[in-house]
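The entries below follow the order in which I looked things up.

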Amino acid sequence: CVWTFISRRLKEAATDSPSPEMLASEMHALRVLAMQDPLTSLPNRRVLLDAVDNATKVSPVPGRSHAVFLLDLNGFKVVNDRYGHAMGDEVLKAVVARFRRAARSNDILARLGGDEFAVLSRDVDEADARTIGDRFIAALRNNVKAGGMSHAIGVAVGAALFPKDGDTVEKIMRHA
């Protein structure tokens, strides 16, 4: 997509000079593409890793932690294999809608790729973290309806707490 966009712009630039407003609009569109998953409109891996990095630089409230959750869908590959990627996309959108309801308003929910998601929850204790993880599991307890069908999708949740489980992004992600 980006290559096609750039080559088209270069051809257009050879024939005419774009307006500053047009260039600003296109730069904004490229920034959105670089930071957002196009299917779900969730922040992408880059945004999540930057947010975790920033969280490691700001100590949590005393007695609390920053939690990182990794969410991996179970049963999603079967949907893609059996019904195709268009159906898989619909299932992902339905799952994301449920995950959005499970996340707290200040949590960062991101799509890492494929059927993998992550959540950054700031200033939680271990009980809060367990509750948040349980909410994501409960979000997929009932079948997901998409494309006029019902799909049995589950989620495996891993979690890590900062600073207890690591003091760098790499350690935190590995522990989660």
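Which residues are exposed on the other side of H4? I found Lys77, Asp81 and Arg82 exposed there. Exposed means over 50% relative accessible area, buried under 20%, and partly exposed in between, with a 1.4 Å probe and protein chains only.

Before going on, I noted that this is a predicted model, in which local features need pLDDT of at least 70, side-chain atom pairs count only at pLDDT 80 or more, and totals for chains, interfaces and linings use all residues. Residues are numbered from 1 along each chain as its sequence is written, and side-chain values use heavy atoms, with hydrogens and water left out.

Entry: the chain. I listed seven helices and six strands in the protein chain. These are DSSP runs numbered from the N terminus: helices are H or I with at least four residues, strands are E with at least two. Along the sequence I read the pattern α-α-α-β-α-α-β-β-α-β-β-β-α. The protein chain has 176 residues, and 38% of them count as buried.

Entry: helix H4. H4 covers residues 76-83, and I found Phe76, Val79 and Asn80 buried in it. Seen down the axis of H4, the buried residues fall within an arc of 95 degrees, so they line one face of the helix. The arc is taken from the directions from the helix axis to the C-beta atoms. An α-helix has 3.6 residues a turn, so residues three or four places apart point the same way. I then checked the cover over the buried residues of H4, which includes strand E1 (65-74), helix H5 (85-102) and strand E5 (149-151). After H4 comes Gly84, with a positive phi near 100 degrees.

Entry: the cores. A nonpolar core is a set of buried Ala, Val, Leu, Ile, Met, Phe, Trp, Tyr and Cys residues joined through side-chain atoms within 4.5 Å. The largest one has 30 residues, and Leu73, Val91, Phe99 and Ile153 have the most contacts inside it. H5 gives the most to this core, with eight residues. Apart from this core I found another, of 15 residues, including Leu48 and Phe162.

Entry: Asp37. I located Asp37 in the loop between helix H2 (20-35) and helix H3 (45-57). Is Asp37 buried or exposed? Asp37 counts as buried because its relative accessibility is 11%. Its side chain joins that of Thr40 in a polar contact of 2.5 Å. A polar contact is a pair of N or O atoms within 3.5 Å; within protein, one must be able to donate a hydrogen and the other to accept it, and residues adjacent in sequence count only if both atoms are side-chain atoms.

Key
Contact means heavy atoms within 4.5 Å.
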